Structure formats: C-alpha cells, structure tokens
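Here is a short briefing to read alongside the model. Have the sequence and the 3D view open as you go.

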Amino acid sequence: MSEYSIEKKNNYTLKLRELISELPPCCAEYFRGIEQTTGIMTRYGYAVDLKTFFTYLLGTPLCSGKNSMRDIGLDLIEQVDATQIETFLEYISLYSKPDEAELTSNGERAKARKLSAVRSLYKYLYKKQRITTNAPSLVETPKLHEKPIIRLEPDEMQSLLETVESGEGLTKRQKLYHQSTSVRDAAILTLFLGTGMRISELVGIDLDDLNFMSNEVRITRKGGNEELMVFGQEVRTALLQYLLIRESIVPAEGHEKALFLSMQKRRMTVRSIEQLVKKYAKLAAPLKNISPHKLRSTYGTMLYRETGDIYLVADVLGHKDVNTTRKHYAAMSEDRRRLAAEVIKLKDENKQSSSPAPAPDK
C-alpha cells in the first residue's frame, strides 16, 4: 500500500473514532464488528449517515429528555418502528443542520445510502441479539432512476488533449500557470483516458509505482487492494515527458514520492484534479459537465466498442459486479436507437408523385 493510501487510511480512522465518540455507545461495538469486512471509507460514510439519523431521532418525542446521542441506548433504538424510519427519509429531503443557516437536501441516492447505513447497524445488532426488532428491514429502498451516461465523443476527446497542449481559450491568468503545468496536465488527462482509473487511484500513485519495462502502474483500488494496471504507448509517452520535468522539482517535505505535484510542490489532491479536468473540459466540450468519473465512463465505452467484451471492461475498471459495468454501454444502446430512427422511411423518395404537374403559364 502506498504512503498516500496509508496516510489516508490513518486520517479517516481518526475521523471515524471522533464520530464514534459522539454516537450512541452501541455504535462502537457495531463498527468493531464490521471492521474485517468493510473498508475505512465505507465505515466512515456509515458513521456520517448514522450521525444524521440519530441527530434527527433526538428531535423526536421518542427521545424526549435526551440531551445527546450518547444518551440513546439499545432500548430506545429497539422502539424505532418502520414509520419513523420512513418519516426520517422524508425529513432529510430538505432539512437544516445544527448551526447552519442553509438548508440541506438529499436526493434518492443519498436517501438510499443513509437507509443502507441504518439498515447495517440494525442488522448487526439484531444478528448479535442485542435487539429483538429490525424496523429498517421493513422499509422499501427509494426507487433509483437511471442517470444518463455522459462521456466524451472521439472528436471531443481529441479536442480536450489539444486544448491541454495549446492552452487555447484559457484566460490570461490561467495561461501563466499553463506554461508550467501543461505537460503535467496532459499526462493526467492521458492517464485518465488511457486507463479508466479512478481519481483516488491516480492521486495515490507514487514514482516507484511506475514500471516502464512492462508499461505497468501499481494502484490501490477501492477497498485497499493493490493491482497492476497496464497502459499503452500514448500514456507511456505522456508520462515520460512529464517525468523529465518532475525530476527537476524539489518536492515539499513529506511529498517526495508523489508522482503528480501541485504548484506548491505537494501531492495533488482530489479537489485540485477535479478542477483541472473541469477547466479544460469546459473549453473542449462546453455543453457537457465533464468530471474525472466521466473520463472513466469515456474509457469504458471506448473499450467496449473496440472489444465487445463486458468481462474485460469490468476487470480493467475494477468492477466487482459486471452489472455495474453495463452502465458504460448506454452508448451502444444510443447507437442502436439512432439507427432505428433512420431505418423507417415515411416517404418513398424514388416513387414519382401521382399528382399531375401544374400546367405551364401561357
């Protein structure tokens, strides 16, 4: 595991412990129980969502007289019924957080995620016979509507890479930085488009993760598993061009191993790379909201078009479930729909009109 992955895990472990100290006492047992089967990011996400749930519960008559989440015991958790869970889901559609003026909203996916966290807690407590009821299991998961797959077409992809190289369309201020970062930015975008890796995987790459003898890069997948990803000649060229510049940079302390460095000579963050992609994509494909994940979708679609092998695409993208990969093939369905639109002809263009031609003027 890379230094970045270890540091990230340690940081979120500390954040999780802080949240657990605020949650009901039974949550500490729960998080210990699921530690061997879940990643730190999953557990942290559950903790954040459970905090939202128990904060809501404190404001209901069920918790009358309770001053904090630490006062919520198993007896009270057991009294929660399905109706109260459903009311919670309705509440988080639009609500205000403590000490925040702006309202917070949750769509169907955010609601489903929070319900999943509550279900996981209750399932664990029920399985361990700490409670005798499991109300969340009786609540239906919010219906999730399919999102349209947004991706770059081949001409847009080429335009994106050309924009990175030329800087055409950037503001005067952006062009000042572009002179120093264009090669780095081109390497980042080429790596996204040429491998389909996740942004978290790209951010965590260290210099010694690259092997140009075999054209491989070692990445840390979701869940913490390490994997070797093979890259092609275009990615190799872009990386080597960047490394010529990277070798002359003296990194900030603690960032010596990082492959991609910011202007401050520190490892680039997820946020900074998201902004980088957005900056160039707005010029190359102004009508599309392109993010690093959309570049991943672009790669998945292109790979399937070229190979037709769903299992290969799933393996390269690191999907555990092939059904997840199917989302990248909306492009193929769209191609067929476009074909269907042209197949049916409403008029026979070759058939002569039966109507008599108008008589010429005399």
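This is a predicted model: local features need pLDDT of at least 70, side-chain atom pairs count only at pLDDT 80 or more; totals for chains, interfaces and linings use all residues.

Residues are numbered from 1 along each chain as its sequence is written, and side-chain values use heavy atoms, leaving out hydrogens and water.

**Helix 3 and helix 6**
- The axes (lines fitted to C-alpha atoms over the stretch in contact) of helix 3 (residues 40-58) and helix 6 (residues 108-127) cross at roughly 90° and come within 9 Å.
- Helix 3 is therefore roughly perpendicular to helix 6 (65 to 115 degrees); helices are DSSP runs of H or I with at least four residues.

**Nonpolar cores**
- A nonpolar core joins buried Ala, Val, Leu, Ile, Met, Phe, Trp, Tyr and Cys residues through side-chain atoms within 4.5 Å, buried being under 20% relative accessible area with a 1.4 Å probe, protein chains only.
- The largest has 43 residues, and Leu239, Phe260, Ile273 and Leu295 have the most contacts inside it.
- Helix 8 gives this core its largest share, 7 residues.
- Beyond its neighbours within four places in sequence, Leu295 touches Leu152, Leu160, Leu189, Phe192, Leu193, Val277 and Ile290.
- Another core, apart from that one, has 40 residues, among them Ile40, Met69, Phe88 and Tyr122.

**Helix 13**
- Ile310, Val313, Ala314 and Leu317 are the buried residues of helix 13 (residues 310-317).
- These buried residues fall within an arc of 100° seen down the axis, so they line one face of helix 13; the arc is taken from the directions from the helix axis to the C-beta atoms.
- Tyr311 and Asp315 are exposed (over 50%) on the face of helix 13 turned away from its buried side.

Terms used. Axes are lines fitted to C-alpha atoms, for helices over the stretch in contact, and angles run from 0 to 180 degrees between N-to-C directions. Helices (H or I, at least four residues) and strands (E, at least two) are DSSP runs, numbered from the N terminus. Angles under 35 degrees count as roughly parallel, over 145 as roughly antiparallel, 65 to 115 as roughly perpendicular and the rest as oblique. Contact means heavy atoms within 4.5 Å.
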